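User: Hi! Could you walk me through this model with me asking and you answering?

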Amino acid sequence: MALANLDELDAQIIRNCERYDRYKRGMAPVRGIRLVEFDEAYQTSYKNILVELLPDWPLSRSRTLAVLHAENILARPYYSPPLHRKKMGYPHIPASLAVTDLLAERFMLLPCGEFVTVEDIDGVIGLLDFLYRHGPAIEAHATS
Amino acid sequence: MKTHKTGEKSFALFGALPAFEKPLPVAQLYFPSWERYEAAMRGIFERRYYTNQGPLALQLEEQLQQFLGVKHAICVANATIGLMMAAEALNLKGKVILPAFTFVASAQSLSWCGIEPAFCDVDPLTHHVTPANLEKCLDSSVSGIMGVNLWGGTCDLAAITEFARQQALPVYFDSAHAFGCVVDKVKVGNFGSAEVFSFHATKILNATEGGCVCTNDDDLAARLRNIRSGYGAGRPVDVLKTANGRMSEAQAAIALVSLEDFPENQRNNSRLRQSYEAGLNSIPGIRVVKPSGVSFSNYQYLVCEVDEKLLGFSRDVLLTLLKAENVICRRYFYPGLHRTVEYISKQQMGADLLPVTDHLCATCLQLPIGAMVTLEAVEAICDIVQRAHLVSELFQSVPTQK
């Protein structure tokens, strides 16, 4: 299977790149959220679509994920929890990692890969735009 | 295939054509037909669900639980990682006692977990570990016992389990050789804290690579499932280490077909074994080892002991002459783990501390049994051994593999 996939790799990367470009173009006008862009000076597989929730994003990440999951958009917190927050059953020096803690609360992976069409991507972006514009109302509704 | 010739010129070792045109392997190698394989793979591609505890892995676990009559069958990528996960889930530390007469993965699984293997000897007749063997390795740093079930048989499971209970030590079993075997109406997989099966291509239940850990302990099962995947699975419990031990859908698909075929494959092994017993047991110096401790065996291994004095030449000469005939038999196990480079310095073994293991490692030979072997092939192999015995003086100075 890996040999067959290796034959397909170049075509897969081209399709990944098309999905990435769709996200990049579509998310440019959406406020409060940032697509983490690939450094295209280097060869890349465009494998993950990583976004950062900016300070003006109106919802917590967990609320954002809950809304996306309810719409069958299986976004993931990334990474969560960070490793130093996991339970350790052996002697260790507790780590105070402020930057890691901050990053671990702000990033999500959005759907990508072969199951995802450009139309799906448009739908995800449309929902994110909706969440930004109606965030306070959604939060109020969720907590009422 | 040629048979019933006599004299020096009838042996490939001395220039005759080999008895078999192609090498005849020892492994079980029962694979489904292309049509069944294709149908199973098509389902995976239609679902586009390839791994991460997919529907076929779940189905396999359910069917294994039913087949074995065990509460939890936790499928894994291979038996070695299953053994590692079992040691971790049982929280073993310090030393674990296990027989030196076993496959190297039994001990390597402990080394991966930072546990020191304490090697004991085995019974000369059954080749299995006994409470008396275990007792000699007991000390305060021992935290558990790994029993090993060999040749489609088992050690005396009741005696080993009772010994462990008396010592307040957990016991688990490497049952890579014993899938489908039965002890007093109970399937192997239900004994000790856990048992680990191999689904390697060489075994009767075949996922190409794979294995499973079986247990009737709900808490141990939860720990095993949380260790198996970094993402966790099932009831979340705290575990210290996680591993990517998941079984892929492709592995599970083949294992499901293989499970369906188990009765027929077991019957085929049984037929071949009967033929070997009829052909070999009358030859002086050859004893076909019986699977011990079980009322029903998978007969996935055909192992015989060679008595050099009676046969007229050594096990290693027999191996050499059979290999020349394209019979790819194996010294199994060789060497004893206490004499491997990985462990010899730590064990500080004298020349004769594990005399039975040393003797078995010098005299046991594994012969082909499985999908690639016909009754005609067994007859031909037995005929070669019989003829060689009759002219044993020809083989006195044959150089052998070290």
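User: What is the mean pLDDT of chain A?
Analyst: This is a predicted model, in which local features need pLDDT of at least 70, side-chain atom pairs count only at pLDDT 80 or more, and totals for chains, interfaces and linings use all residues. Residues are numbered from 1 along each chain as its sequence is written, chains are lettered from A and ligands numbered from 1 in the order in which they are written, and side-chain values use heavy atoms, leaving out hydrogens and water. With pLDDT being the predictor's confidence in each residue, from 0 to 100, 100% of the residues of chain A reach 70 or more. The mean for chain A is 94.

User: Which element of chain A has the highest confidence, and in what order do the elements run?
Analyst: Elements here are DSSP runs numbered from the N terminus: helices (H or I, at least four residues) and strands (E, at least two). Confidence in chain A is lowest in helix H3 (residues 98-104), at a mean of 91, and highest in strand S1 (residues 33-35), at 98. Chain A has 4 helices and 4 strands, and from the N terminus on they run α-β-β-α-β-α-β-α.

User: Happy with that! What area is buried between chain B and chain A?
Analyst: Counting contact as heavy atoms within 4.5 Å, chain B brings 6 residues and chain A brings 9 residues. Buried area is the accessible area (1.4 Å probe) that two parts lose on being put together, summed over both. Carbon and sulfur atoms give 62% of it, and the area is about 640 Å².

User: Which residues of chain B lose the most area to chain A?
Analyst: Three residues together make up 62% of what the chain B side buries. They are B:Arg48, B:Asp238 and B:Leu240.

User: How many salt bridges does the rule find across that interface?
Analyst: The rule asks for a side-chain nitrogen of Lys or Arg within 4 Å of a carboxyl oxygen of Asp or Glu. Across the interface of chain B and chain A, the number found is 0.

User: Over to chain B: how many residues of helix H10 are buried?
Analyst: Buried means under 20% relative accessible area (1.4 Å probe, protein chains only). Helix H10 (residues 315-324) of chain B is mostly covered, and its buried residues include B:Arg315, B:Asp316 and B:Val317. What covers them includes helix H9 (308-311) and helix H13 (375-390) of chain B. The count is 8 of 10 residues.

User: Which residue just after H10(B) takes a positive phi?
Analyst: The angle is about 70°. The residue is B:Asn326.

Technical notes
Buried means under 20% relative accessible area, exposed over 50%, partly exposed in between (1.4 Å probe, protein chains only).
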